[in-house]
Amino acid sequence: MVYKFRVILDAEEDIFRDIAILEEDTLEDLHNAIFNSFGFDGMEVASFYTCDETWNQEDEIPLFDTGDVPGEQKTMSDYTLSGILDKENTKIIYVYDFIHMWTFLVELAAIEDQAIGNTYPETLFSHGEMPDDSGEKNFEADMHDDIYGEFEDDLDEDDLDMFEGDDSFEDYGFEENWN
């Protein structure tokens, strides 16, 4: 079977590509098809993110294993398209180049029979020109989720009172040790 995706750049202008790829191909194969169809050189790090129906980002699937224990973290090459996407789970987010944060909304639009003689992956349709930059991305935490939001970050004299009378600290003096 062939998976047909619409890959939409998260930008003000309508910029998207329709890509056909085999269902047993991996997320890494889809990553290669995406950066090629949008004209990137493929030299930057990228990740896919699972998401819910309203595009809320969930779990990261990186291009490379970035975990503390080699081989412990699954990467794009570990996931077949049919293993992660199907008729019920059709959406995934793709981020290319973590400096510029090119963000794409990737949606499975159709599952069809493989056409004899076609080579996959294939860019079926291209709409819009890539902008020079990815635009501003705004990453702000919701303050109502910040349990420390009510406290100041600056220390004042009252904060230092807890050290008075405690002889377990040796004063090495500032002048003689830092000159």
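## The strand β3 and its partners

Strand β3, which covers residues 46–51, pairs with β4 in the antiparallel sense over 4 bridges, where two strands are said to pair if DSSP finds at least two bridges between them. Helices (H or I, at least four residues) and strands (E, at least two) are taken as DSSP runs and are numbered from the N terminus. This is a predicted model, in which local features need pLDDT of at least 70 and side-chain atom pairs count only at pLDDT 80 or more, while totals for chains, interfaces and linings use all residues. Residues are numbered from 1 along each chain as its sequence is written, and side-chain values use heavy atoms, with hydrogens and water left out.

Burial is counted here as under 20% relative accessible area, with exposed meaning over 50% and partly exposed lying in between, for a 1.4 Å probe and protein chains only. Since 6 of the 6 residues of β3 are buried, this strand is largely enclosed by the rest of the structure. Both of its faces are covered, with A46, F48 and T50 buried on one side and S47, Y49 and C51 buried on the other.

## The sheet as a whole

The pairing of β3 belongs to an open sheet of 7 strands in the order β4-β3-β5-β6-β1-β2-β7, in which the pairing is antiparallel. β4 (57–62) and β7 (122–127) stand at the edges with a single partner strand each, so one side of each is left without a neighbour in the sheet. Neighbouring strands of this sheet are turned by 25° against each other on average, direction ignored; the axes behind such angles are lines fitted to C-alpha atoms, for helices over the stretch in contact, and angles run from 0 to 180 degrees between N-to-C directions.

The chain contains 4 helices and 7 strands, which follow one another along the sequence in the pattern β-β-α-β-β-α-β-β-β-α-α. Of its 179 residues, 30% count as buried. Among contacts (heavy atoms within 4.5 Å) with a separation of 6 or more, 61% join residues 24 or more positions apart.

The loop between β5 (91–96) and β6 contains D97, a residue that has a positive phi of about 70° although it is not a glycine. D97 is buried, with a relative accessible area of 6%, and, not counting residues up to four places away in sequence, it touches E44, V45 and W102. The C-alpha atoms of D97 and V45 are separated by 5.4 Å, although the two residues lie 52 residues apart along the chain.

M101 is likewise placed in the loop between β5 and β6, and its phi, near 55°, is a positive value in a residue other than glycine. The relative accessible area of M101 is 17%, and this residue is buried. In the loop between β6 (102–112) and β7 lies P121, and the peptide bond leading from Y120 to P121 is cis, with omega near 0°.

## Helix α1

Helix α1 spans residues 27–37, and its buried residues are L27, L30, H31, A33, I34, F35 and S37. At its start, a side-chain oxygen of T26 reaches to within 3.2 Å of the backbone nitrogen of E28. After α1 comes G39, whose phi is positive, near 85°.

## Confidence in the model

The predictor's confidence in each residue is given as pLDDT, on a scale from 0 to 100. The chain averages a pLDDT of 83, and 74% of the residues score at least 70. Over residues 139–143, however, pLDDT stays under 50, and the model has 2 contacts for this stretch beyond four places in sequence. Where pLDDT is low, the predicted coordinates should not be read in detail.

How values were computed:
A polar contact is a pair of N or O atoms within 3.5 Å; within protein, one must be able to donate a hydrogen and the other to accept it, and residues adjacent in sequence count only if both atoms are side-chain atoms.
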